[in-house]
Amino acid sequence: KTVKGFQEKPALTHFVNAGIYVVSPTALTLLQANTHCDMPQLLERVNHQAGRIRAFPIHEYWLDVGQHDTLVRAHGEWT
């Protein structure tokens with residue numbers, strides 16, 4: 001293979017799904033009683049049914065507290 005170009009130490013940015021969700025009562029109608037549905041699934045349902053999904057980008061420090069060890073870490077950082 002021939003190298004046609006390169007970029008040394010590129011700055012990469014991307015969005016992640018994190019934070020607090022605010023959902024309309026209409027979006028809640030897409031949930032089924034006694035059936036597991038995580039937020040990505042619900043957002044896909046909203047998107048599929050021509051609903052609007054808005055984002056508010058943050059640039060501040062954040063920490064995923066979905067695991068026990070990071071929840072303990074967050075507690076230590078904020079207390």
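Me: What makes the approach of the Thr70 side chain to the backbone oxygen of Gln67 a polar contact?
Reply: The distance is 3.0 Å. A polar contact is a pair of N or O atoms within 3.5 Å; within protein, one must be able to donate a hydrogen and the other to accept it, and residues adjacent in sequence count only if both atoms are side-chain atoms. The 3.0 Å value lies within the 3.5 Å cut-off, so the pair qualifies.

Me: What kind of model is this, and which limits apply?
Reply: The model is predicted; local features need pLDDT of at least 70, side-chain atom pairs count only at pLDDT 80 or more, and totals for chains, interfaces and linings use all residues. Residues are numbered from 1 along each chain as its sequence is written, and side-chain values use heavy atoms, with hydrogens and water left out.

Me: Why is Thr70 called buried?
Reply: Its relative accessible area is 17%. Buried means under 20%, exposed over 50%, and partly exposed in between, with a 1.4 Å probe and protein chains only. At 17%, Thr70 is under the 20% limit, so it is buried.

Me: Where does Thr70 sit, and what does it touch?
Reply: Thr70 belongs to helix α3, residues 68-78. Helices are DSSP runs of H or I with at least four residues, strands are E runs of at least two, and both are numbered from the N terminus. Beyond four places in sequence, Thr70 meets Leu63, Asp64 and Val65. Contact here means heavy atoms within 4.5 Å.

Me: Is Val65 buried, exposed or in between, and what makes it so?
Reply: Val65 has 40% relative accessibility, so it counts as partly exposed. Val65 lies in the loop between α2 (39-48) and α3. Setting aside neighbours within four places, it contacts Thr70, Leu71 and Ala74. Its C-alpha is 12 Å from that of Ile20, which is 45 residues away along the chain.

Me: What makes the phi of Lys9 worth a note?
Reply: Lys9 has a positive phi of about 50°, although it is not a glycine. Lys9 is in the segment before α1 (25-28). Its relative accessible area is 71%, so it is exposed.

Me: How do you know that Asn34 is exposed?
Reply: Asn34 has 85% relative accessibility, so it counts as exposed. The residue is in the loop between α1 and α2.

Me: Why is Gly51 called partly exposed?
Reply: Its relative accessible area is 30%, so it gets that label. Gly51 is in the loop between α2 and α3.

Me: How many helices and strands does the protein chain have?
Reply: There are three helices and zero strands.

Me: How do you know that the protein chain is more spread out than a compact globule?
Reply: Its radius of gyration is 19 Å, well over the 12 Å that the globule rule gives for 79 residues, so the chain is more spread out. The radius is taken over C-alpha atoms, and the rule is 2.2 Å times the number of residues to the power 0.38. The C-alpha trace spans about 55 × 40 × 25 Å along its principal axes. Buried residues make up 8% of the 79.
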